[in-house]
Amino acid sequence: MTTQHSLRAFGLHTPPGKSSLHMESVSLSDIAQHHGTPCYVYSKSAILQALHEYQSAFSCFPSLICYAVKANPNLSILRLLAEHGAGFDIVSGGELLRVLEAGGDPQRIVFSGVGKSIEEIDLALKTGILSFNVESEAELQRLAKRAAILGIRAPLSIRVNPEVDAHTHPYIATGLRTSKFGVSTTTARTLYQQAAALPSIHIVGIDCHIGSQITRLEPFLEAADKVLELVESLQYEGISIEHIDLGGGVGIHYRDEECPSLTTYANALQNKLKNFNGRILVEPGRSIIGNGGLLLTRVEYLKSIAERQLVIVDAGMNDLMRPSLYQAWHDIIAVGLGKTEAQIVDIVGPVCESSDVLGKDRLLSVQEGDVMAILSCGAYGASMGSQYNSRPRPPEVLIDGQESRLIRYRETFDDLVKSERIPL
Ligand SMILES: *Cc1c(COP(=O)(O)O)cnc(C)c1O
């Protein structure tokens, strides 16, 4: 069970004399009342605190924290992070346009991903981003060609696969030898030599990303060792590397995970990087916004089936995909004070799929109409949402002290069908 202590770590508390859980100084019952449910809610201070933790831990070297946009690409969130000095890690042209619209600095953008299209490459070249994190020989050739055609030198890093086991869910492990991401260190060496001979390419860095929700430091440090070894041998060959990008951030607390300390991480890196004079980049997404967001949902029905008590809520797998996609565990708590005896229940959504289960075997006091909060949904929540079952996506609200601001409106029926209304 989540205690008041761990709730505080999420910026949540029930003030004395109040019956509703609050995020910062705003009642979550009021948010549910005002904006309806399901509804994503984020804490500005939790997000900024997480960013500042990275910035201060990594301030022992020249560094840049590049927020991974795919974790949560809401324009207001991007604007907030840009205003506080974040760079961005993007994986598509759409994410690039979002960052630019939010006022992000092109020289703080790195572009990852295995399948960059010609259109995406051209857009990023014309924008003047910091680095293309290239993941194959074919991509290097395409990038060099597009840059030559446009008369622009393309800034390049090769994404190396350091082949370490991150001990995370197989769907979010990217550093295994069989992963589709990055290239082996042997291939990387060849690609750097090729790149050095291409006039339209400017080698700026090296990159790796071994996976997500990694709750131990060893895999990160092992990856850093392998990358450093390669940097040293490249430098020996006369190829200089201006920045080392160590990929995504540390895992977060969903249930009982102990999360690695960023200071310990940075200090361990500092020891290894004594002979490296360039900049260190990291690309955290989950650990910037994961614990700073939750999903409010209302109980539609209670239903008993063979020895199980189901709580059917108005949020489903289309709103929050992680439980059905990764068997992810999210804490689910009542926003108000329970009026009935707590019982063991399964919380399920309305979507017509058996995998639409948000939480199993939870001890909760619930009644029809109660508002529940699904915690740690800030990252890979709204961003993975879909309209499956023709369900409009939920609104998003940003809390700042006593204020709350709608940062995305609830989609309407018109939003569902407007791209299909093609005149005959
Ligand atoms: C998803 C991703 C990240 C962010 O990972 P988190 O675990 O959310 O910090 C960073 N870099 C790349 C290349 C990614 O694909």
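Predicted model: local features only at pLDDT ≥ 70, side-chain atom pairs only at ≥ 80, totals over all residues.
**Ligand site**

I began with the residues around the ligand. There are 14 of them, and Lys70, Ser212, Glu283, Arg286 and Tyr380 come nearest. I sorted the shell by residue class and got three nonpolar, six polar and five charged.

Ser212 places a polar side-chain atom 2.4 Å from a ligand oxygen. For Tyr380, a polar side-chain atom is 2.6 Å from an oxygen atom of the ligand. Arg286 uses its backbone here: a polar backbone atom lies 2.8 Å from a ligand oxygen. I then checked the cover: of the 390 Å² of accessible area that the ligand has on its own, the protein covers 94%.

**Helix 5**

I moved on to helix 5, residues 93–101, where I found Gly93, Glu95, Leu96 and Val99 buried. Viewed down the axis, these buried residues fall within an arc of 160 degrees, so they line one face of the helix. Their cover includes helix 4, strand 6, strand 7 and helix 6. At the start of helix 5, I noted a side-chain oxygen of Ser92 within 3.4 Å of the backbone nitrogen of Gly94. After the helix comes Gly103, with a positive phi near 85 degrees.

**Helix 10**

Which residues of helix 10 are buried? In this helix, residues 262–272, I listed Leu262, Tyr265, Ala266 and Leu269. They sit on the same side of helix 10 because they cover an arc of only 90 degrees around its axis. I traced their packing to helix 3 (44–57) and helix 9 (218–236). Ser261 caps the N-terminal end, with a side-chain oxygen 3.3 Å from the backbone nitrogen of Thr263.

Notes. Residues numbered from 1 in each chain as written. Heavy atoms only, no water. Buried < 20%, exposed > 50% of the residue type's maximum accessible area, 1.4 Å probe, protein only. Helix = DSSP H or I, 4+ residues; strand = E, 2+ residues; numbered from the N terminus. Arc of directions from axis to C-beta. Contact = heavy atoms within 4.5 Å. Polar contact = N/O pair within 3.5 Å; in protein donor to acceptor, adjacent residues only side chain to side chain. Near = heavy atom within 4 Å. Areas by Shrake-Rupley, 256 points an atom, 1.4 Å probe, with all protein chains shown as cover. Nonpolar A, V, L, I, M, F, W, Y, C, P; charged D, E, K, R; others polar.
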